[in-house]
Amino acid sequence: MNIVLLGSPGVGKGTYANILSKKYNIPHISTGDIFREAVKKRTKLGRKVKEFLDRGELVPDYITIQVVKERSEKYDAKEGFLLDGFPRTINQAEKLEEFKKIDKVLNFVAPEKAIMDRLSGRRVCKKCGAIYHIKYMKPRVEGVCDKCGGELYQRSDEKPKIIKKRLKEYSRKTKPLIDYYKKKGLLANINSNFPIEKVDKIISQCELALEK
Ligand code: AP5
């Protein structure tokens, strides 16, 4: 099954995608993760996208679409995938349809206050990319990843000014996708306003939507 995860920055898409990816045995494809990895490794792609990530702006469509096309055509995605962070514009959604059929779109919804709180406390493992939160998903040892022992860090686009810019970009360019997919009959809204200890309440809504 080919699934798109929609929702504001910080709503928890990456967290839920990790769980769903294991449950359904399909890869979690996150454009944000792909770009950050490329920046870290200083590849040609990384050099092209770094300035956009640092400013909290969307990477141009011609770059992003090519990246997703190549990744989604890999062998591990032949039974399906979870697309996290793509599409983010109507143009990206239209181009996506030219190379992949989308079966379901899960739109995660939470109040703005919860989103700001989640974003400002997020920590990510430098080595394996696991996601933590300083209040809600603490690692066993502060600053150290439970899974691989890697160092936890705060993303460079997590400064208040850049967070605001990302939320504005989301409202202007990505929110219209909610209507776009609703009209196609593919959208399911998922209430993500549950604390992380109750993440199963969020996941069970996803399962219900995916079974329909
Ligand atoms: P990207 O990495 O996609 O960032 P984003 O959409 O802003 O999403 P986030 O990763 O910030 O949030 P999330 O919803 O995954 O939340 P998470 O699970 O981490 O994109 C980054 C940049 O790349 C963009 O700004 C752009 O420049 C570029 N880019 C990417 N895709 C692009 C595209 N298609 N086109 C153009 N440019 C693109 O959770 C957040 C925190 O909350 C964590 O700490 C977590 O532990 C915690 N948490 C999660 N759920 C809960 C809960 N229920 N209760 C309490 N805490 C929770």
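Predicted model: local features only at pLDDT ≥ 70, side-chain atom pairs only at ≥ 80, totals over all residues.
**Salt bridges**

I searched the whole structure and got 21 salt bridges, counting a side-chain nitrogen of Lys or Arg within 4 Å of a carboxyl oxygen of Asp or Glu. Numbering runs from 1 along each chain as its sequence is written, and side-chain values use heavy atoms, with hydrogens and water left out.

I looked up Glu57 next. Glu57 pairs with Lys165, with the closest N and O atoms 3.2 Å apart. This pair links distant parts of the chain, 108 residues apart: Glu57 sits in the loop between helix H3 (44-55) and helix H4 (61-72), Lys165 in helix H7. Helices here are DSSP runs (H or I, at least four residues) and strands are runs of E (at least two), numbered from the N terminus. Glu57 is partly exposed at 25% relative accessibility, and Lys165 is partly exposed too, at 31%. My cut-offs: buried is under 20% relative accessible area, exposed is over 50%, partly exposed is in between (1.4 Å probe, protein chains only).

Then I checked Lys184, which bridges to Glu97 with the closest N and O atoms 3.6 Å apart. Again distant parts of the chain are linked, 87 residues apart: Lys184 is in the loop between helix H8 (176-183) and strand S8 (187-191), Glu97 in helix H5 (residues 90-99). Lys184 is partly exposed at 41%, and Glu97 is partly exposed at 40%.

What separates Glu169 and Arg172 in helix H7? They are 3 residues apart, so about one helical turn lies between them. Their salt bridge has its closest N and O atoms 3.4 Å apart. Glu169 is buried at 9%, whereas Arg172 is exposed at 55%. I also found one network, in which salt bridges with shared partners join Arg122, Arg155, Asp157, Glu158 and Arg166.

**Second largest pocket**

I moved on to the second largest pocket, with about 240 Å³ of space. A pocket here is an open set of points on a 1 Å grid over the protein atoms alone where a 1.4 Å probe fits, with protein on both sides within 12 Å along at least five of seven lines; lining residues have an atom within 4 Å of a point. The volume is the space filled by probe spheres set on the points, which are joined across faces, edges and corners.

Which residues line the second largest pocket? Among them are Ser8, Phe108, Glu112, Tyr170 and Lys175. Strand S4 (104-109), helix H6 (112-121) and helix H7 (160-174) each give two or more residues to the lining.
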